[in-house]
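Here is a protein to explore together. Take a moment to look it over before reading on.

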Amino acid sequence: MDLVPYIAALSALAGLALAGYFFMAVTKESPGNERMVELMTAIQEGSKAFLRREYTWVTGFVVIMAVLIFALLDYGRPWGALTYILGAVLSGIAGFIGMTIATRANARTTQAAIEGANKALPLAFRGGAVMGFTVAGLALFGLSMCYLIFVEWLEVDQPYQVVTAFGLGASSIALFSRVGGGIYTKAADVGADLVGKVEAGIPEDDPRNPATIADNVGDNVGDVAGMGADLFESYGGSIIAPLALAGFLGFGAGTVAPELPVLGNAEFFVFPLAVAAVGMVASIIGAFFVRAGDSLESKDLSKALHRGTNVAMVITVVGVVALSYVFFNEILDEDGTTNLIDNWWGLAVSVIGGLLVGFGIGKVAEVWTSDEYRTVKNIAKQAETGPATTVLSGVSAGKMSVGASVILVVVGIGLANWGGEQMAEGAGIYGIAVAAIGMLATLGVVVSVDAYGPIADNAGGIAEMAHLDPSVREVTDSLDALGNTTAAIAKGFAVGSAALTALALFKAFEASLLAEGTVLSLDVGQVEVFIGLFLGAMVPFVFAALTLDAVGRAANKMIEEVRRQFREIPGLREGDPSAVPEYAKCVDISTSAALREMLIPGGLAVVVPLVIGFISVNALGGFLAGALVVGFSLAIYMANAGGAWDNAKKYIEAGNHGGKGSEAHKAAVVGDTVGDPFKDTSGPSMNILIKVMTIVALIFAPAFV
């Protein structure tokens, strides 16, 4: 067991090595002609400028939180504060590296698309894989080293609280990156679409549109850097949750949880790291199975892209069964006479159940957002009767998808709990915690598939702005449509794991209070708990409203600026080659708005649980329960509705229901405009909100009592 953290760290380094290999493989490809390089460079510079300013702002927040941890918590002096900063720094690095490769892979994917999808898809995937394996590698390496340093080597007081601070650091960056990047990208996207497509009647990504560069920059800062930080936090949280549970429920079991002495054994502390290591190796193998043929059919491209994920999942299943046998075949009591384990395969069932539920939520997202299925085709049909019916059908589809996703999560929780109980009585909650790792065990390849989408989207924009042959745009559009679905699938994995991780962290919060001599009550008959439930249910809606309003205000400024340039720059709308749009002004509008607007929603996630916790821990318990249930449902609804609207628009642009320029197309653009902040700002931020509030409660539990 002593070797497991070292093995996990080595597997993380192998993932980082693969990221380096793919980085070199992508950058050695040709970026195309001079115009394509010029556009790629403009997108790079805009992305770097935004990320630099965003990280400068977020650094202030990180410093304040580190000071609070240092001042209010015994274990925060200095280890908790340092670990918090480490989590934030690694998360920021992962986002920066992902954005760097994405802004280099876009033009190269465009150039590859000249030869066909069989060249462009693997190239875009490899660009995404740099992000995927950087995120998974840095998160696993950071946590492995934290475990070794604080638990094994230094043996500090409250080591599991210290390791948990790593997760809060990652969450802090993820929250602001998702919100800030989401506001940026959707302000630019909405402004470009409404003025360009609907009012001016010019194609998407047309170089005449002043917002096109800002739109393409937004794909990278929101859908790559923001998404990377999001999944870094999700992955780290899924490993931390069972570690914290084992620490609070098993370590010192005589005082904290005498009914669960089995969790005090070393196997339960290192099992999460072992599962993550198996998943990393499986993802590395799976990444080499992504190959495409010449077909542009969505189902053929999807099959090629998901082959790597499927291979990784199969390898992970086999590996987890083997791990469970090695770890839990026999754990004897102190006398060495009685086996404390009833069935060694119990946790294998929990982890594999989580993996399958994650896959199931991804399939739900695919069914509701892919144009291969009825939902998207129905929304496209409704577009023939105008924007109102388009919006109504998308809202309905998104809400209906919540039902299927909730049922899957409930089944997953029940199965994971059953698996844990089969292994040892009372260990069901630990089973739920490791199920979240199952969902994200193959994160390296899952993020690779997700990050592929923005690269393909940028490639299409560069093809349009560089005036390449329409056949190139046909290839990139087919890749981009698939990218919307893969993004929805990854968001399904993230929010599904958020539900399980938040539940495990909530149980750790309860155990942490118990260790401090305080019993948490969740009796809804108590007024303070009932009030907490209502406040918890309220916060996701307020958070969504704040982020949607932020996009609306920023988009309003963007629309006015694009209109001004069309009005004041002679010949711009008509396509006069001498008329050059002022791209930089649009980039600055999105940047300033995103940085200003992200502060209140981001601060809300930290301040509210702290305030409630210092007033009443029982109210905080109710608050976290309400936020978890409502936030999960709202996240699924917004992500799937937004993805469905987007692909309905692309389905029409492919020549259905009148094609581009038709009334149905204009209605679909309106639906997509509503869906953009749903799927790329408010929706994906919700799963971070759930976990940030829970992990804040866990970390500051000693201060509350």
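## The whole protein

Keep in mind from the start that this is a predicted model.

How does the radius of gyration fit with a compact globule? A compact globule of 705 residues would have a value near 27 Å, and the protein has 24 Å, which agrees. Of the 705 residues, 65% count as buried. Contacts also reach across the sequence: among those with a separation of 6 or more, 84% are between residues 24 or more positions apart.

## A helix on the inside

Helix 12 covers residues 428–440, which makes 13 residues. From its first C-alpha to its last, helix 12 reaches 19 Å, close to the 18 Å expected at 1.5 Å a residue.

Buried here means under 20% relative accessible area.

## The largest pocket

Now for the empty spaces. Rolling a probe the size of a water molecule over the atoms shows where empty space is left. The largest pocket holds about 750 Å³ of space, and 31 residues line it. Those nearest its centre are Asp 477, Lys 650, Tyr 651, Glu 653 and Ala 654. Two or more lining residues come from each of helix 5 (159–200), helix 13 (443–465), helix 14 (470–515), helix 18 (617–653) and helix 19 (663–699).

Which helix gives the largest share of this lining? That is helix 14, with six residues. Sorted by class, the lining of the largest pocket has 17 charged, eight nonpolar and six polar residues.

## The second largest cavity

The count of cavities of 30 Å³ or more comes to four. The second largest cavity holds about 100 Å³ of space and is lined by 16 residues. Lys 491, Gly 492, Val 495, Ala 635 and Ala 639 lie nearest its centre.

Helix 14 turns up again, giving the most to this lining with five residues. At least two residues each come from helix 9 (346–369), helix 14, helix 18 and helix 19. By class, the lining of the second largest cavity has 10 nonpolar, five polar and one charged residue.

Start with Gly 492, one of the residues nearest the centre of the second largest cavity. Gly 492 is found in helix 14. With a relative accessible area of 4%, Gly 492 is buried, because buried means under 20%.

Next, look for Ala 555 in helix 15 (residues 527–568). Is Ala 555 buried or exposed? Its relative accessible area is 5%, so Ala 555 is buried. Leaving aside neighbours within four places in sequence, Ala 555 is in contact with Ala 187 and Val 190. The C-alpha atoms of Ala 555 and Ile 589 are separated by 9.0 Å, and these residues are 34 apart along the chain.

Note on methods: Residues numbered from 1 in each chain as written. Predicted model: local features only at pLDDT ≥ 70, side-chain atom pairs only at ≥ 80, totals over all residues. Heavy atoms only, no water. 1 Å grid on protein atoms, 1.4 Å probe; cavity = no way out; pocket = protein on both sides within 12 Å on 5 of 7 lines; lining within 4 Å. Points joined across faces, edges and corners; volume = space filled by probe spheres on them. Helix = DSSP H or I, 4+ residues; strand = E, 2+ residues; numbered from the N terminus. Nonpolar A, V, L, I, M, F, W, Y, C, P; charged D, E, K, R; others polar. Expected span 1.5 Å × (residues − 1). Rg over C-alpha atoms; globule rule 2.2 N^0.38 Å. Buried < 20%, exposed > 50% of the residue type's maximum accessible area, 1.4 Å probe, protein only. Contact = heavy atoms within 4.5 Å.
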